[in-house]
Structures are given as structure tokens and as C-alpha cells.
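Subject: Structure for you to look at

Hello,

I am handing over the structure below, with notes on what was found in it. Please read the notes with the structure open beside them.

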Amino acid sequence: MMDNVSVVTMFTLTGLSGTTNYRVILLFVTLLCYCVIWLVNLTIIVTIIVDKNLHEPMYIFLCNLCINGLYGTAGFYPKFLKDLLSTTHVISYAGCLLQGFVLHSSACADFSFLLLMAYDRYVAICRPLVYHSVMTKQKVCVFVLFAWLIPINLVFIGSITTVILRLCGSHIPKIYCINFLVGKLACSASIAHVVVPAFNYTFYFGHFIFIIWSYANLIRTCLTSTENRIKFMQPCVPHVFSLIVVVVSLLFDLLYMRFGSKQLSQSAKNFMAIEFLVIPPIVNPLMYGFKLTQIRNRIQHLICGKRSVFSLKS
């Protein structure tokens, strides 16, 4: 079996087996969902870029969170739509590693930007006197740069540990590729393939703990002041909701992959697999777009402005 390592150049994705009867409906729903993701995220991104009044740390982090949503979903939806139109669901070795890299790095970057948004609110409410010295334009740029580079580098190292594995199988029981499932096809266990993911999980669990700690301090501070309570409610409520959505969506998939029952239907498995690629990219921009007054007003202004232009032309 070890001699057949070089033969594994393609992987078969078996997650779509049994979907023949409702593939057309699934194709339509998936395409609609992907269009909605692009629409809502692009609306927030363009609104923040165009309006100079929104060039503040909180909105810059939100803009990057939406960009990351488009980046992560681009690693899944085009390939998934292609598979729905095909009778064979295969992916090349390089394509599998690339897809796994994009999905992993996007999930990690979500936590990075949620952490930055929590830190921004913590400094603004709990340490308002030093806010403008801490959240300068230069520091915000550095924060954003590291929020992208750290996940990319950590996931890249994890991908390297997957590349060096000797594989004895080519069937992946999922609708997309991830390093964990490729690693399960290895002929023998690799310490690096266990240690590196364990470090990454611990590192981002630390992000989660920091976010919880910052919000515990925020809530304690807000209880002492009505002004702080107002500051907390508008930007922080959608942030907390986004954190819950991201964590729950990822936990569903992670816990199932490691401890899930084989008796679960394939449809239920697929739902758990794509939950973090459907709910957060749609819910996050909608929550911020409806809840944050400045963004909501700017979007309404743009829409009303276009309507008035069209009415004048007519």
C-alpha cells in the first residue's frame, strides 16, 4: 500500500451520494444562497469603503470580516455548484489542499476579526481616555495585517503536515476537502499532523476566551453608566450574536467529525458541514447592517439617492 502513494492524485467526495432526486432544487437553493452572500457582504464592504465617516476601527474590522466571508465561501460554493451539475464528484490533490487551506484560514480569520472587534469595544468603553492613542490608523493597519497573516501562516503549516503524509485512500466522506479528513487517509499516524492542529485549536480557543473576558469587563463597566450601556448595546449586541453564530456553526461540524454517529443521515451530515458556510456569511452583515445606525443610514441614503436619480430621469 505504501508503494501506491503516488497514485493518489484525485479524491472522491462521497458527501453528495443520494442527492440525485433533489439535485436541481439543491442547485437552485445553493446558487440563491451564494448570490445573497455576495449581495449582503458586498453592500457592507462598499458602504464602508465609500463613506469616509465609517473609516473607524470598528467598521474597518467589520469590512474585513465581510471580505473574509466572501473569501471563505469562494473556496466552497463554485466547486459545490460544479459538483451538483456533474455525476462524478472528484477533486484533484492540489485542489483538495487548496480548498482545505481556504476554508481553514477563513474560519480562523473569523475569530481574529471578532477578537479585534471585541478589543476595540473593550478599549472604547472600559478605557476611553486611551482609545485614540491605542487605536491609531497605523496600529489598526497592523492589527488587520496580522489578523490575515497569522491564520494564513498557521493553516499553511498545517497544510504542509498534510502534504508529507503517505496516503492509502482517496475517498473523503464529505462535500468538501479539509485537512483532518485527508489526514485520516494516511497510511500511518504522524505526530506533526496531531501537534500542529492541536496548537491551532488551542490558539484560537484562546481568542474565544479573550473575547468572553473582554465582554465580561464590558458588561461590568456598562452596569455603572447609562451612557456606556448605550455604547454597548448598539455595536456589541450584533458582535455577540455573530460570535455565537460562528462558534455554534463551527462546533456542530467539528464535534460531528470527531464524535458523530455513523447512523446520522447524509443530509444531516451535509447540513452540519455547510452550516458555517451559510449562516455566518449571511447573518453577520445583515445583523450589522440593520443594527449599526451609521451603516443602516448610509445604505438607506444610497438606495434613496439612486431612486431619486431614476425618478428625475423618468
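A crossing of two helices is called left-handed if the near helix is turned anticlockwise from the far one by less than a right angle. In this model, which is predicted, H2 passes H4 in such a left-handed crossing.

Helix packing

Helix H2 covers residues 57–74 and helix H4 covers residues 93–126. Their axes lie 9 Å apart, and the packing angle is about 165°. Angles over 145 degrees count as roughly antiparallel, and H2 and H4 are therefore roughly antiparallel to each other. Sorted by class, the residues in the contact of H2 with H4 are 14 nonpolar, 5 polar and 3 charged.

Surface patch

A nonpolar patch on the surface is formed by Val142, Leu145, Phe146, Leu149, Ile150, Phe199 and Phe203. Together these residues have about 600 Å² of accessible area. Two elements give two or more residues to the patch: helix H6 (137–163) and helix H8 (191–222). H6 supplies the largest share, 5 residues. Leu145 is located in helix H6.

Salt bridges

How many salt bridges does the structure hold? There are 2. In a salt bridge, the side chains of Asp83 and Lys79 meet at 2.5 Å, N to O. Both residues belong to helix H3 (residues 77–84). Because Asp83 and Lys79 are 4 residues apart in that helix, about one helical turn separates them.

Regards

Key
Residues are numbered from 1 along each chain as its sequence is written. This is a predicted model: local features need pLDDT of at least 70, side-chain atom pairs count only at pLDDT 80 or more; totals for chains, interfaces and linings use all residues. Side-chain values use heavy atoms; hydrogens and water are left out. Axes are lines fitted to C-alpha atoms, for helices over the stretch in contact, and angles run from 0 to 180 degrees between N-to-C directions. Angles under 35 degrees count as roughly parallel, over 145 as roughly antiparallel, 65 to 115 as roughly perpendicular and the rest as oblique. Ala, Val, Leu, Ile, Met, Phe, Trp, Tyr, Cys and Pro count as nonpolar, Asp, Glu, Lys and Arg as charged, and the others, Gly among them, as polar. Patches are made of residues with over 30% relative accessible area and no salt bridge: like charges are joined within 9 Å, nonpolar side chains (Val, Leu, Ile, Met, Phe, Trp, Tyr) within 5 Å. Accessible areas come from the Shrake-Rupley method with a 1.4 Å probe; for residues, only the protein chains shown count as cover. A salt bridge is a side-chain nitrogen of Lys or Arg within 4 Å of a carboxyl oxygen of Asp or Glu.
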